Amino acid sequence: MKQSQLFSKTSKKLSESEASKNAQFLLKGGFIDKSSAGVYSLLPLGLKVLNKINTIIREEMNAIGAEELFMPSLIQKKYWEKSNRWAVDVIYKTSTNPADSEKKDFEYGLGWTHEEVVTAIATRFINSYKDLPKAVYQIQTKFRAEARAQAGLLRGREFSMKDLYSFHESKEDLDKYYEKVIGAYKKIFKRLGLKFLVTEASGGAFTKEYTHEFQVLNPAGEDTVFYCQKCGFSQNQEIYKPEAHKDCDGQIESGRSIEVANVFKLGTKFTEAFGLNFLNEKGEKKPVIMGSYGIGPTRVMGTIVEEFSDEYGIIWPENIAPFKVHLVELKGKNPSKVQKACKSLYEKLNKAGIDVLYDDRDLSVGEKLNDADLIGIPNRVIISEKTLAQKKMELKPRNSKKVSMVSEKQLIKLLQK
RNA sequence: CGGACUGUAGUAUAACGGUAGUAUACACCCUUGGGGUGGGUGCGACCCGGGUUCAACUCCCGGCAGUCCGACCA
């Protein structure tokens with residue numbers, strides 16, 4: 001990709017009132033555009049990052065036998081009424097019916113979660129213990145009428161969510177799968193480069209058992225968690241019980257954190273509401289037991305920016321960076337020579353399958369280098385008159401100050417690793 | 001939902017009860033060429049409604065919108 005062709009541009013200044021780091025850098029770098037409070041467009045650069053996050057999530061979901069599907073956002077009132085959730089205050093509602101605007105039962109709520117829809121679908125396909133267990137997931141846009149959107153991508157009114165739902169014949173089978181999902185989530189966050197706590201939290205109305213949240217310790221977070229470095233114990237502040245941390249002499253610490261995922265044992269709340277039953281081996285009718293498991297990919301993206309940045313901009317982890325390498329052309333007094341060398345390297349990188357952003361723009365040195373820091377691609381390569389004189393190019397990782405001079409062959413080899 | 005603050009070019013900001021200034025971005029010209037080079041020309045703005053006033057972007061009221069703090073949050 002040539003940078004001169006990019007749809008977005010970086011901007012120098014942003015409103016000082018936009019305080020959160022992720023909003024600042026993502027807006028300045030041209031990754032996202034703010035449409036209204038808590039509502040963002042993912043621009044091409046940002047979508048590349050989000051897609052990489054989603055690919056990692058998909059791979060780990062598929063690895064635990066979950067199948068991907070895609071459910072609607074426009075969900076008729078009758079679904080929410082069956083589970084008694086039409087009164088939930090975060091639902092965006094509409095009653096617009098193109099055929100008859102007077103007809104009130106034509107009301108919809110925009111999907112803020114999908115237990116109702118997925119359970120209704122499952123009644124078509126789950127009838128026997130032989131049909132269980134099953135697990136399906138989607139990556140979809142959720143709508144929540146948050147009283148207060150805040151901190152850029154960390155709390156939006158419209159945001160991306162991976163929601164997984166599992167169906168089981170017994171509590172034991174649900175427990176087993178629940179642990180499997182926790183294992184998959186650990187892999188996902190490890191691949192995303194995030195350090196996390198698996199935090200116990202209250203199950204609220206659904207279960208007396210603890211549910212689990214994946215929390216990333218970060219001052220930008222809205223939650224407060226208590227945790228022990230030694231044994232890994234961690235509880236959300238809302239339910240924190242010091243006596244739960246008995247068998248370890250490690251020190252309990254607390255900190256602000258961002259909830260990037262959660263796992264829930266739903267039990268039979270929804271399956272009973274929708275009549276999702278199965279016949280067991282004895283021919284007895286039983287309600288299906290359900291779990292739900294969420295990850296917020298856009299929130300994860302914001303969290304990564306909160307975690308990995310410096311005063312100049314973002315430092316994307318390798319696995320989700322929009323590009324592998326940023327090729328910066330510093331034309332100098334001999335533009336044609338430098339340009340020729342850059343174009344040649346650009347073509348070779350493309351041929352070698354190395355995703356490259358080529359800054360071919362006719363701008364000052366400072367602007368180009370600052371933009372490279374802001375956008376945060378993990379490797380920066382400079383070709384200039386100076387480097388050409390040595391018949392080499394300059395390589396600098398975004399996360400270090402060390403600069404090395406390498407040949408074209410060496411560079412391609414290094415980047416292919 | 002409560003509190004505080006704020007709405008002026010694409011973006012960021014300034015001043016003023018009487019012609020709205022600057023930076024940046026953008027277009028063109030010159031200059032410069034390893035950390036936002038310097039200069040010139042051009043384009044471009046007062047959230048909406050009402051009130052006060054000879055006159056309102058400015059003061060007052062209402063609305064809408066935004067940011068932050070808090071409450072809320074499967």
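Analyst: G232 takes a positive phi near 85° in the hairpin of strand 11 and strand 12, with 5 residues between the strands. Strands here are DSSP runs (E, at least two residues; helices are H or I, at least four), numbered from the N terminus. This is a predicted model: local features need pLDDT of at least 70, side-chain atom pairs count only at pLDDT 80 or more, and totals for chains, interfaces and linings use all residues. Residues are numbered from 1 along each chain as its sequence is written, and chains are lettered from A and ligands numbered from 1 in the order in which they are written.

User: How do you know that strand 11 and strand 12 pair?

Analyst: Two strands pair if DSSP finds at least two bridges between them. Strand 11 and strand 12 (residues 234–236) run antiparallel and are joined by 3 bridges, so they pair. One bridge partner of F226 is Q235, in strand 12.

User: What makes M290 buried?

Analyst: A residue is buried if 20 or more other C-beta atoms lie within 10 Å of its own, exposed if 12 or fewer, and partly exposed in between, with C-beta atoms placed from the backbone. M290 has 25 such atoms within 10 Å, so M290 is buried. M290 lies in strand 16 (residues 289–295).
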